[in-house]
Amino acid sequence: MRPLRRRLTGAALSVLALALTATGCGSSGAAPAPAAARTETAPDRVEPLPQKPEPELPVTVRSAGGGEVTVERAERIVPLSGSLSEIVFTLGLGDRVVARDVTATFEQAAKLPVVTRGHDVSAESVLSLRPDLVIAETTTGPEEAVEQIRSAGVPVLFVEAAKSLDDVGPRIAAVAGALGVPDAGKELTRRSSERIEAARASVPKHADTPRVAFLYLRGSASVYLLGGRDSGATSLIEAAGGLDAGADSGLRKDFTAITSEALVKAAPDAILVMSKGLESVGGVDGLVEIPGVAQTPAGMDRRIVSVEDGVLLNYGPRTDEVLASVVDQLYAKDGA
């Protein structure tokens, strides 16, 4: 979720770190159930590759932050985002992870110590765990903390922040290469690609392209935002056969404050939200009370698509599950 946090500007930043301290992830399995159908009998887990790979190190790889990073050992790994943690665990190297970001809440990582405060990295917490590799997003911060980790002699690999479905494969390859398991990276990329394509193929035929607005909500902090072209949701919406209503209405920024005028112009047929955001406004009943929502086709039809915060825009190994859930919920009104 850090990429989303970095795209938010102004007063929203000051409340987002507090509002996002509890996020969730979806489940995984050979035949994953859609998020809407998950229960306590379908744990929030990632699905490692069948064969555990053995890292071949040392390796020298290019970091997205510039320059090269040499990885001598990968016995104690600290991934600094939920998505990066999912990649490491799914590659089969979760037993080497010694800490987690606050957004890595899937079952296999849940008991690891958290090394972020809000969504900022604590250099002291990271260094206390004696890591031999830290994997970060290009949006990870604060810069002072990251520099403190590097100054202590710990290799820090930066991976480009996720923005769309096209980023799934390159991010897996970057992490797998740094861990000395490139073949496992290729296998996971292939598996992820096949599952994403299967989810795309599940989109039912429909006469009209549904307009979907992505709303970022944190009711307790009075944060109500409408996603635009750079929100990160456009790729997911389009893969589900929809049209990003915010971007199509002319919103060039990542997010803008929700107004009745903006919602009327966007005219969404459906609304995409994070599950905890929906909970924070009192569920669907509370959502339609937000000015302008009830006047949209989505509000009138109560056509709401809700996905767990921790995976919605991760664009990681469980992207197929997210897409399948969006498809199931988006077309449920048509009996699909």
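**Close-up views of a predicted model**

**Figure 1. The protein chain as a whole.** The protein chain exposes about 13,800 Å², of which carbon and sulfur atoms supply 50%, the accessible areas coming from the Shrake-Rupley method with a 1.4 Å probe, where for residues only the protein chains shown count as cover. This is a predicted model, in which local features need pLDDT of at least 70 and side-chain atom pairs count only at pLDDT 80 or more, while totals for chains, interfaces and linings use all residues. Residues are numbered from 1 along each chain as its sequence is written, and side-chain values use heavy atoms, with hydrogens and water left out. The protein chain has 15 helices and 13 strands, which are DSSP runs numbered from the N terminus (helices H or I, at least four residues; strands E, at least two). Of its 336 residues, 58% are buried, where buried means under 20% relative accessible area, exposed over 50%, and partly exposed in between (1.4 Å probe, protein chains only).

**Figure 2. Helix 6 and the residue that follows.** Helix 6 (residues 168-178) is largely enclosed by the rest of the structure, because 8 of its 11 residues are buried. The buried residues of helix 6 are V168, G169, R171, I172, V175, A176, G177 and A178. Just after helix 6, G180 takes a positive phi of about 75 degrees.

**Figure 3. G246 in helix 9.** G246 belongs to helix 9 (residues 245-248) and is buried, with a relative accessible area of 0%. Leaving aside neighbours within four places in sequence, G246 is in contact (heavy atoms within 4.5 Å) with V212, G227, G228 and L251. Although G246 and A266 are 20 residues apart in sequence, their C-alpha atoms are 5.5 Å apart in space.

Figure 4. About 40 Å³ of space lies in the second largest cavity, a cavity being a set of points, on a 1 Å grid over the protein atoms alone, where a 1.4 Å probe fits but cannot get out, and lining residues having an atom within 4 Å of a point. Grid points are joined across faces, edges and corners, and the volume is the space filled by probe spheres set on the points. V212, I237, A240, L272, V305, V326 and L330 line this second largest cavity.

**Figure 5. E289 in a loop.** E289 is found in the loop between helix 12 (283-287) and helix 13 (297-301), and E289 is exposed, with a relative accessible area of 63%. The C-alpha atoms of E289 and G299, which are 10 residues apart along the chain, are separated by 9.2 Å.

Definitions and conventions: 1 Å grid on protein atoms, 1.4 Å probe; cavity = no way out; pocket = protein on both sides within 12 Å on 5 of 7 lines; lining within 4 Å.
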